[in-house]
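Dear colleague,

Please find the structure below, handed over for your records. My notes on what was found in it follow directly after.

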Amino acid sequence: MKQHIAHITLLVKDYDEAIKFYTEKLEFDLVEDTVSETKRWVLVRPKGAKECCLLLAKAANEQQSNSIGNQTGGRVFLFLYTDDFWRDYNRMLANEITFVRPPIKEEYGTVAVFEDLYGNLWDLLEPTR
């Protein structure tokens, strides 16, 4: 049996500002932006990624709005793996990404924590080979 996670929903306040952040600041690819009568379907993913995408979903009610930026209760939400930590770290700094924990070399790799436009925490991680 083969399975994989296809999409992870990320609640956003506004589709266009989220698309701009992910495609311009993080330099992700916009995979799909489809509008129907009932919803908008927006998928983004890191360059070179093949399977999993973020499904950007505009909050539809107060409960969802209250979860924007804190989908995991203050823990790191997503882990962005890279093959060159310092290249991506410096590019992200140049793109005005806010790092809330500086780079550190751990047994498992080099890692730093950044936040997205709403405050969700992410690890930028180059795993130890």
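Helix H1 (residues 15-25) is followed by Glu-27, whose phi is positive, near 60°. This is a predicted model, in which local features need pLDDT of at least 70 and side-chain atom pairs count only at pLDDT 80 or more, while totals for chains, interfaces and linings use all residues. Residues are numbered from 1 along each chain as its sequence is written, and side-chain values use heavy atoms, with hydrogens and water left out. Helices (H or I, at least four residues) and strands (E, at least two) are DSSP runs, numbered from the N terminus.

At the start of H1, a side-chain oxygen of Asp-14 comes to within 3.1 Å of the backbone nitrogen of Asp-16. This is given as a polar contact, that is, a pair of N or O atoms within 3.5 Å; within protein, one must be able to donate a hydrogen and the other to accept it, and residues adjacent in sequence count only if both atoms are side-chain atoms.

Within H1, Tyr-15, Ala-18, Ile-19, Phe-21 and Tyr-22 are buried (under 20% relative accessible area, with exposed over 50% and partly exposed in between; 1.4 Å probe, protein chains only). They lie on the same side of H1, because they cover an arc of only 160° around the axis, the arc being that of the directions from the helix axis to the C-beta atoms. The elements covering these buried residues include strands E1 (7-12), E2 (29-35), E3 (40-45) and E4 (53-58), together with E7 and E8; contact means heavy atoms within 4.5 Å.

Four strands form an open sheet in the order E1-E4-E3-E2, with mixed pairing; two strands pair if DSSP finds at least two bridges between them. E1 and E2 stand at the edges with a single partner strand each, so one side of each is left without a neighbour in the sheet. The twist averages 25° from one strand to the next. E2 and E3 run antiparallel and are joined by six bridges; in E3, Val-42 is the bridge partner of Asp-33. H1 packs on this sheet, touching E1, E2, E3 and E4, and its direction makes about 155° with that of E4 (axes are lines fitted to C-alpha atoms, for helices over the stretch in contact, and angles run from 0 to 180 degrees between N-to-C directions).

The largest nonpolar core has 29 residues, of which Tyr-22, Leu-54, Leu-56 and Phe-114 touch the most other members. Such a core is a set of buried Ala, Val, Leu, Ile, Met, Phe, Trp, Tyr and Cys residues joined through side-chain atoms within 4.5 Å. H1 gives the most to this core, with five residues. Leaving aside neighbours within four places in sequence, Leu-56 is in contact with residues including Tyr-15, Ala-18, Ile-19 and Tyr-22.

Strand E8 (residues 121-127) is mostly covered, five of its seven residues being buried. Strand E7 (residues 109-115) runs antiparallel to E8 over seven bridges, and Glu-115 stands opposite Leu-121. Five residues separate the strands of this hairpin, in which Gly-119 takes a positive phi near 105°. Strand E5 (residues 76-81) pairs with E8 in the parallel sense over five bridges, with Leu-80 opposite Leu-124.

Lastly, Asp-88 lies in helix H3 and is buried, with a relative accessible area of 10%. Leaving aside neighbours within four places in sequence, Asp-88 is in contact with Thr-82 and Leu-124.

With kind regards
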